[in-house]
Every structure is written in structure tokens, then in C-alpha cells.
Amino acid sequence: MNTFAFLEKSARHRPDQAALVQGSETVTYRQFHERALAIGGNLLAQGCEPGDRVAFCLANSPRIMELIFGCFAAGLIVVPVNARLHAREMAYIVGNSGAKVLVHGGEYQAGIAANADLFAGVSRYCTEPADGAKPFAELLESANALSRAVDAAPDDLCWLFYTSGTTGKPKGAMWNHRMVKCVIMNYLADLHNIQPGETVLHCAPMSHGSGIIALPAVARGATNAMTETSSFEIDSLLATVARLQVSHIAFMAPTQIVKLLEDYEPGKHDISSLTAITYGGAPIYVDQLRQAIDTFGPIFVQLYGQGESPITITGMGAGLHAELVTAGDPRIGSAGQVRTDVEAHCVDENDNPLPPGMAGEVVARGDVVMPGYWNNPEATAEALRGGWLHTGDIGYFDDQGYLFLLDRAKDMVISGGNNIYPREVEEVLIQHPKIAMCVVFGIPDDYWGEAVHAVVVTKPGENMTAREVIDFCGEHLAGYKKPKAVDFVDELPVSGYGKILRREVRDSYWQGHSGRIGGGSAAKVSTT
Ligand code: AMP
């Protein structure tokens, strides 16, 4: 089944319902369907053939959804590019995917022009007038519109999802129609059962998790609304929730939930329509999650996945959050349980399955797992060895199948022969009333091999000493896990997708040392 069929049905069932909304613009399901068929037809007419790649680099807008479904309609493979990337990074993804077409916003024109040689041979469409690019409106002309979507087999590729590249050049995780269908059904079954006519709001980049969650919303005939600004502003976000009676905020990174808590003014906007906020992509600290539930009620839904198994390894629905928080159950700090149509467990360094309570690499298998990386058989063989996706995440399952994520394998600190998971230390630090944000990692140390190091941002108006930070850790953690030193900074770097860039901070401490820059060799663990 071509994933386009989901749009086809919603357009038939609810043609006049708002499908895509942003500011004063509303695209109905009838229009969305027509536009996608026109885009698919025009891409084929201008020389693309099924299986060709079409990249886009666009700030959130209805154009993204039209283009994604336009590619589905024509059997093309869509390649979303994070709109916050530099033109040269964008060029890498366009080149690596072999995209024939790039659709971009006017804001990227200068960067593309300055790196024109990197985009040579790529046919460009721009949402604003731009030299060397055709107007996006040409893709909407009806003369070449398809009358219906092309057929697609379950194994046909439809999406290349480029990893964020924190451990080297980004790799294109290949998604086929079977996977995307499973992601859609799995979201509705396990995480949040979006209903026809509901409004789902996107405030995170739709080239990433939010764009994926837009798919089950299309399948259900719900409205996908997008905030207007690319910056994340709580006041305008909540004003939009009130104005559009939003029931579901599709995706927030934990850093965005922290901002929500900081900037929320109770009573200013009527947000009573809100029944679900999905979060994930990085660990949320338990204290912050409890505070969020206290403030907004049990409306939080957690997902754990990665581009190689999008959205879908484990999850925790809103009901389970409520249950665990009410019971004071520490499992609220977990990433939930394995999703209905996925298998997952932890393995040791020889890929042997581990019993509950033992930490190792999380592996997963099922129709939601990618068939491999684009043009990268070595990385595919490594990631999918033995038929299981090796996530690179270290964690353990408890006896009831709750997954506790400890860290990325490559972020683990080995100090004096002990394995230390930075997240565990950060989880303690964030509980300190004076600490707003923090990041922990290992730095080179002649005696310890690596020493635990913390970089801390204090709350406005607060001052702390390194001693206070270290002693606070000592009250909660084994001595060997305490930071040996602490630095204070005004802010920490955050990725375009809201993740604190631990490796970027850490790498500045590894300059001139061999071996561990950019993640270094993977550290294997076998026990907690
Ligand atoms: P990406 O492929 O960019 O979505 O990044 C996926 C990675 O983000 C995973 O391998 C995890 O390391 C991390 N991640 C995703 N979801 C969660 C979660 N719920 N809790 C902790 N880390 C997460």
C-alpha cells in the first residue's frame, strides 16, 4: 500500500475539513489531496522517476506536508533536511542522497548561492523568487497533476531520514512504505489515538519527529496546525492552542518542556482543550517531568525511538504517566515499555540477551526498523547485525519490561575502571534548586583515564561554587560518580531539534588528546 492512501481516504471522508493550518492559511483535505497529486505529477513531468530522491529544506509550513505526500503520490523518495543546517551541511545530504530536486525556502538562497558548486545539477524550487530556482508554485500547476497515486510495494523506499551526525557524517536511514504504515498505526495504537477532527499542533521541526507524527494525524483526518515562528515562544504557542482548540502538541524535546514550565503564566490562555503533549528524543529529568505533570496534568506521552526505528521502540502513554506518578513509582523515570508491534531487549558486548536489571545495548526488531542506511552497506551491516537494530543506547529493562535508558554507549565515562553514565549524574544535578541546566561527560585525566566533569548553568540570580555541586552529588551518588571538577557557563549549545549537545561541549575538553573526540571508540558494558 502506498502511504498516500491515508491522505486519499481522509480527503474522501472529510474533504472540507481543515487539513493544514498556519496563521491565516487553511488548506482543506480536498485541496491538500489535489496539491499533492499536482506536485507528484509535476515532479515526474520535469524528469524525476519513481525511486528518485527529492530533498526539502523548509521552515515548518503546509508546503512540507504537500511535498511529502506529493513524493508518495509519485513513488519518489522524500529527503527532509533540518532547516537549521548550514548550506554546506545541506549540500552534503543533497549530494549523499543523490537528490535530483531540492525544494527550499528563500532564507537559504544566499547560502546556496555562496556554495553553488555543491548544488550543481540539482533542480531547485524556492518558495520565494530566487535566482537559479523555479517558483514552488510551478509544482502546484494542475496540467500535469496525477489522477491517482502510483502503486507502491511495501518494500519500496519513500523516505530517507538523515541522522543528526553527532558521531560523524549524517547517514540516511531508509524508510519504506511498510515501515511508515507501521509507524502510523503504532502511534495511534500505543501513544495517542488521534481522532478525526482533532487539531494537532507542531512547534518542533517537521523534518524530524513532528513531521512523522503529522502522518497519523493525516491518516485520521485530523488537522495539522503549525506555529508561525521558527523560534519557540511559549506565549504564542499557548495562544495558538487556545485559538485553534488544539488537543495534541505533536512533539516537544525535553528542553522545550523545561521552557514551557519556565514561561507558563497560569490562566493567561485557555488551554483546557489540550489532552496530550508528546515528548522524547532525549532524556527528560524525572524532577522536571513530575513538575510538568503537576502543572499541566497527566497529558504527557513519551516516545523513545531513533531515525533507524522512528518514534517506535518503547513508549509511555498519558494514562501510564498518571498511574506511575500517582503511585510515586520510580518507573516514571523510565522510557516506558516496548511497543505493541516491536521486539526489544538489551544485549552484552557479544550480542547475548541480558536478563532484567542488567545493562547493555538496546536492540530492536520489527517492521518499524529500517532496512538499512542509504548507500552504506558497512554501516548497515554493523547496525543490523544478527537481524536486530543496534541502537547505540545503553539501558536495562526491569522485571516488568520498563526500559531505563542510561546513555548513548559513546557517552559513557570510564573512570578508574568504573562505568559512569552521565545521565545519572545530570539527573541528580538538575534537582539542585540553583541549577537550570547541566551537562556531564568525561575529560582526559592522567590518573583516572577519564574524569567526570560537569558544566552547569545556574538559574537567573543564583551563584554556586564547584564544591556545592560536587557535595550535592555526593549526597546522592557513589563517590566515584561525583564530578571531579565543575565549570559554569551562561548557556549550553542545543541542537536544531532541542537536544543539549553534550559532545560539542565535551570535545572542546579533548582537543589535543587522541581517541575520544567525537565519541571515540564505543565503550561496551555488560553489567550495571
Ligand atoms: P534521533 O535519531 O535524532 O531521533 O535520535 C535518537 C536518539 O535520541 C536515541 O537513540 C536516544 O539516544 C535518544 N532518545 C530518543 N528518545 C528518547 C527518550 N524518550 N529518552 C531518552 N533518550 C531518547
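**Entry 1. Domains**

I looked up how the chain of this predicted model is divided, and I found domain 1 (1-18 + 26-152) and domain 2 (413-492). I then looked up the separation of the two domains: the centres of domain 1 and domain 2, taken over C-alpha atoms, lie 45 Å apart.

**Entry 2. Helices H13 and H14**

I turned to helix H13 (residues 422-429) and helix H14 (residues 466-474), which pack with their axes 9 Å apart and at an angle of about 105°. An angle from 65 to 115 degrees counts as roughly perpendicular, so H13 is roughly perpendicular to H14. Which residues make the contact? On the H13 side I noted Val425, Val428 and Leu429, and on the H14 side Val469, Phe472 and Cys473. Sorted by class, the contact of H13 with H14 holds six nonpolar residues, no polar and no charged ones.

**Entry 3. Helices H3 and H7**

I next examined helix H3 (residues 62-74) against helix H7 (residues 209-219). Their axes are 12 Å apart, and the packing angle is about 75°. H3 is therefore roughly perpendicular to H7. I recorded that Met65, Phe69 and Phe72 of H3 meet Ala214, Leu215 and Val218 of H7. The contact of H3 with H7 divides into six nonpolar residues, no polar and no charged.

**Entry 4. Helices H6 and H7**

I stayed with H7 and looked up its packing with helix H6 (residues 177-191). The axes of H6 and H7 come within 9 Å and cross at roughly 75°, which means that H6 is roughly perpendicular to H7. From H6, the contact draws on Val180, Val183, Ile184, Tyr187 and Leu188. From H7, Ile212, Ile213, Leu215, Pro216 and Ala219 take part. What is the class make-up of the contact of H6 with H7? I noted ten nonpolar residues, with no polar and no charged ones.

I looked up the second largest pocket and found about 380 Å³ of space in it. Its lining consists of 23 residues, and those closest to the pocket centre are Leu58, Ala59, Asn60, Ala83 and Ser230. By class, I recorded eight nonpolar, ten polar and five charged residues in the lining of this pocket.

**Entry 5. Cavities**

How many cavities of 30 Å³ or more are there? I found two.

The largest cavity has a volume of about 60 Å³. I listed Cys203, Thr227, Thr229, Ser230, Ser231, Phe232, Glu233, Ser236 and Leu237 as its lining. The classes in the lining of the largest cavity are three nonpolar, five polar and one charged. Ser230 belongs to this lining, and Ser230 is also listed among the residues closest to the centre of the second largest pocket.

The second largest cavity has a volume of about 30 Å³. I noted His208, Phe251, Ala253, Pro254, Gly280, Gly281, Ala282, Tyr497 and Lys499 around the second largest cavity. By class, its lining has five nonpolar, three polar and one charged residues.

**Entry 6. Positive phi values**

Most residues other than glycine have a negative phi. Where does Gln245 lie? I placed Gln245 in the loop between helix H8 (234-244) and strand S12 (248-252). Phi of Gln245 is near 55°, a positive value in a residue other than glycine.

I also recorded Ile311, in strand S15 (residues 309-316). Phi of Ile311 is near 70°, again a positive value in a residue other than glycine.

Conventions. Residues numbered from 1 in each chain as written. Predicted model: local features only at pLDDT ≥ 70, side-chain atom pairs only at ≥ 80, totals over all residues. Heavy atoms only, no water. Domains from an automatic or database assignment. Axes fitted to C-alpha atoms, helices over the stretch in contact; angles between N-to-C directions. Helix = DSSP H or I, 4+ residues; strand = E, 2+ residues; numbered from the N terminus. Parallel < 35°, antiparallel > 145°, perpendicular 65-115°, else oblique. Contact = heavy atoms within 4.5 Å. Nonpolar A, V, L, I, M, F, W, Y, C, P; charged D, E, K, R; others polar. 1 Å grid on protein atoms, 1.4 Å probe; cavity = no way out; pocket = protein on both sides within 12 Å on 5 of 7 lines; lining within 4 Å. Points joined across faces, edges and corners; volume = space filled by probe spheres on them.
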